[in-house]
Amino acid sequence: MAVVMVTALARLPVLRSRPARAAAGAYPVSWVGPGRGVAMISAATPDVASAAARLRALLGDRLHEPGEPGYAATTRLWNGAVARTPALVAECQDSDEVAEAVRIATRCHLPLSVRSGGHDWAGRALRDGALALDLTGLRSVRVDPDAATVTIGGGATAAELLAAARPYDLVVPTGVVGAVGMAGLTLAGGYGPLCGRFGLAVDSLLGAEVVLADGRRVTADARHDAELYWALRGGGGNLGIVTELRFRAHRLPGVLAGMIMFALSEAPAVLRGYGALVAEAPDELTVMAGFLPGPAGEPVIFVCPFYSGPDLDAGTPWMDRLRALGTPLVDQIGPMPYADALRMFDGGMVDGNHYLLRTRWLPALPDGTVDTLVDAARQVTSPFSALAVHHFHGAAARIRPSDTAFGLRTDHLMAEIIAVWAPGDQAGPHREWAERTSGALAPHALPGGYPNLLAPEETDRVRLAYGANWARLRRAKRRYDPRDLLHAVPTLPPSGHRE
């Protein structure tokens, strides 16, 4: 059985043998007590100094503290609005290091966060005063073309996965941005252009290697720890630290895809036509729509189809229908590899700008919803901000809600409200625009919202997003992380929180 290994980031030399590294974190918490010249600390007080000493023995110069050269790079996130100061950053290169770092954090009473792709808009990869586990070194990608599987490290991006699978005409469902980490995208769902044909990203997840909050390493799949496997598929990173993911891959030599743009004045007609078209679209056709900044500063409305059927010519009539929604300003439809199609979105959201996102689940696009979206585009406060409407249907909608933790399995549209402003700008007007748009869409929306985009304070909407799966997910959280060590996407209320 042929297995191809692609490593996207070279591994640094191992500083210690496995036994020595294990011993480096083996002392009990009481080692800082009397007789060693260090004051006794309370069991609830974070002991940063002890954690730093143990992690330094484990990782060497891959441990970063504030003021050190590597600290700034490992705490830099996509969203420049996030300003948090972890006490320590541990660059881990394998699951053994992750497990030992978790045990050290527990012994030394340090809160924990996990940085993988770093694209969570709310910046939950970092916590003030915490130990941040940096998984960007876990970026291996193994493709097994005979079994049609792809196994990736917890820090691999969508682009890295697709690049390794491309020589075999294999793909895994992804989002639209190649730089996003696959772990974070997948664990809370993973909308994307192949949703109708192959489902969400999470629907192709065959299994995962997980470090639990007590430092144990476990396998979660249909045969091993099936309850954890169920919860990981939609429940986010709140139950453990995923160091490896194994996906079912799908044969897809190419797609018929691209971008069609229309003037803002045509937006009402385009959106109404888009709503009617997606309601009858086949599985092979998933269409994104929305508003992007135009070259003259005024927003333009776009439709972005991905036709993924075996005969791409069968998608041509659908492309013609989309063109006929108005008078195209841009028409860039053509056949291309899936990974190339995603490059349309490269550079659309610039690292370092400031971001605030809001989301609503929409059952359809009636006139009231269309008017709200068009008004939001006309009132946009920044030339960088955008609105996106993602299409959920087909294969993703045929999975029973109880089969995975992901809660909404009926046809719908997911609205993404993306407020963006340059560093130094006043945040208020842009935040108000996003909040106003979200509030105006609320009367037309379904309960809850996409967990990957909900704000940390929106725990009530998180509960509604999981529907009948909520109670089971909460039981899983209490089972696998009873001390609430992990606070990931989506933000779940503490175990003691009244439901």
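Helix axes here are lines fitted to C-alpha atoms over the stretch in contact, and angles run from 0 to 180 degrees between N-to-C directions. The model is predicted, so to speak of local features takes a pLDDT of at least 70, side-chain atom pairs count only at pLDDT 80 or more, and totals for chains, interfaces and linings use all residues. Residues are numbered from 1 along each chain as its sequence is written, and side-chain values use heavy atoms, with hydrogens and water left out.

Take helices H9 (residues 267-278) and H12 (residues 367-378) to begin with: they pack at an angle of about 135°, their axes 10 Å apart. That makes H9 oblique to H12, oblique being what remains once angles under 35 degrees (roughly parallel), over 145 (roughly antiparallel) and 65 to 115 (roughly perpendicular) are set aside. In contact terms (heavy atoms within 4.5 Å), Ala267, Pro268, Leu271 and Arg272 of H9 meet Asp367, Val370, Asp371, Leu373, Val374 and Arg378 of H12.

Now for helix H15 (residues 470-480), where Trp470, Leu473, Arg474, Ala476, Lys477 and Tyr480 are buried, that is, under 20% relative accessible area with a 1.4 Å probe and protein chains only, whereas exposed means over 50% and partly exposed is in between. Helices H8 (226-235) and H14 (459-466) are included in what covers the buried residues of H15.

Technical notes:
Helix = DSSP H or I, 4+ residues; strand = E, 2+ residues; numbered from the N terminus.
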